[in-house]
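Work through the exercises below with the sequence and the coordinates at hand. Each task is followed by a solution in steps.

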Amino acid sequence: KEALQLDAVRGQLAAVLKNVDSNHDTVITKKEFRSLLLRSEICSSLKAAGVDPIALVDLADCIFTEDKSELEVHELVEIVLTLRGGNTATVKDCVEVRRLLLAEIRKLERKLGT
């Protein structure tokens with residue numbers, strides 16, 4: 001049942017992402033992503049899949065970074081689905097958090113000149 005629900009959410013998200021893709025280049029920018037989260041049908045679908053749309057607004061800066069300011073539709077769908085509240089954190093998730101924190105610390109050090 002959950003697999004069918006996830007497939008439905010994947011399909012709906014992919015379809016709407018393609019519609020939100022204002023320049024039709026099959027990549028989604030942070031601006032396009034935020035406009036997506038204003039659509040009630042997407043918020044409903046995300047909630048049904050266990051994803052908090054309000055939290056996604058806050059996580060947009062983590063999803064879209066300086067290094068990766070655009071994402072392919074299929075990449076973004078998979079990232080969003082990994083952010084479901086019922087998912088358990090894995091070792092891979094912890095390693096990714098560590099990598100992101102170290103990258104941010106390095107940026108701050110460069111700005112401060114240390």
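The exercises concern a predicted model and go from the overall fold to helix packing and then to a pocket.

**Exercise 1. Overall layout**

Task: State how many helices and strands the protein chain has, and give their order along the sequence.

Solution. Step 1: the secondary structure consists of six helices and two strands. Step 2: along the sequence these elements follow the pattern α-β-α-α-α-β-α-α. Step 3: for the overall extent, the C-alpha atoms fill a box of roughly 50 × 35 × 20 Å along the principal axes.

**Exercise 2. H1 against H3**

Task: Classify the relative orientation of H1 and H3 from the angle between their axes, and list the residues in contact.

Solution. Step 1: the axes of H1 and H3 (residues 40-48) come within 10 Å and cross at roughly 155 degrees. Step 2: angles over 145 degrees count as roughly antiparallel, and H1 and H3 are therefore roughly antiparallel to each other. Step 3: the handedness of this crossing is left-handed. Step 4: H1 contributes Gln 5, Val 9, Gln 12, Leu 13 and Val 16, which meet Glu 41, Ile 42, Ser 45, Leu 46 and Ala 48 of H3. Step 5: sorted by class, the contact of H1 with H3 has six nonpolar, three polar and one charged residues.

**Exercise 3. H1 against H5**

Solution. Step 3: the crossing of H1 and H5 is right-handed. Step 4: on the H1 side the contact is made by Leu 6, Val 9, Arg 10, Leu 13, Ala 14, Leu 17 and Lys 18, and on the H5 side by Val 73, Leu 76, Val 77, Glu 78, Val 80 and Leu 81. Step 5: the contact of H1 with H5 has 10 nonpolar, no polar and three charged residues.

**Exercise 4. The largest pocket**

Task: Give the volume of the largest pocket and describe its lining.

Solution. Step 1: the largest pocket holds about 1,200 Å³ of space. Step 2: 31 residues line the largest pocket, and Cys 62, Ile 63, Glu 96, Arg 99 and Leu 100 are the closest to its centre. Step 3: H4 (53-63), H5 and H6 (91-112) each supply at least two residues of the lining. Step 4: H6 gives the most, with 12 residues. Step 5: by class, the lining divides into 13 nonpolar, five polar and 13 charged residues.

Terms used: Residues numbered from 1 in each chain as written. Predicted model: local features only at pLDDT ≥ 70, side-chain atom pairs only at ≥ 80, totals over all residues. Heavy atoms only, no water. Left-handed = near helix turned anticlockwise from the far one by under 90°. Helix = DSSP H or I, 4+ residues; strand = E, 2+ residues; numbered from the N terminus. Contact = heavy atoms within 4.5 Å. Nonpolar A, V, L, I, M, F, W, Y, C, P; charged D, E, K, R; others polar. 1 Å grid on protein atoms, 1.4 Å probe; cavity = no way out; pocket = protein on both sides within 12 Å on 5 of 7 lines; lining within 4 Å. Points joined across faces, edges and corners; volume = space filled by probe spheres on them. Axes fitted to C-alpha atoms, helices over the stretch in contact; angles between N-to-C directions. Parallel < 35°, antiparallel > 145°, perpendicular 65-115°, else oblique.
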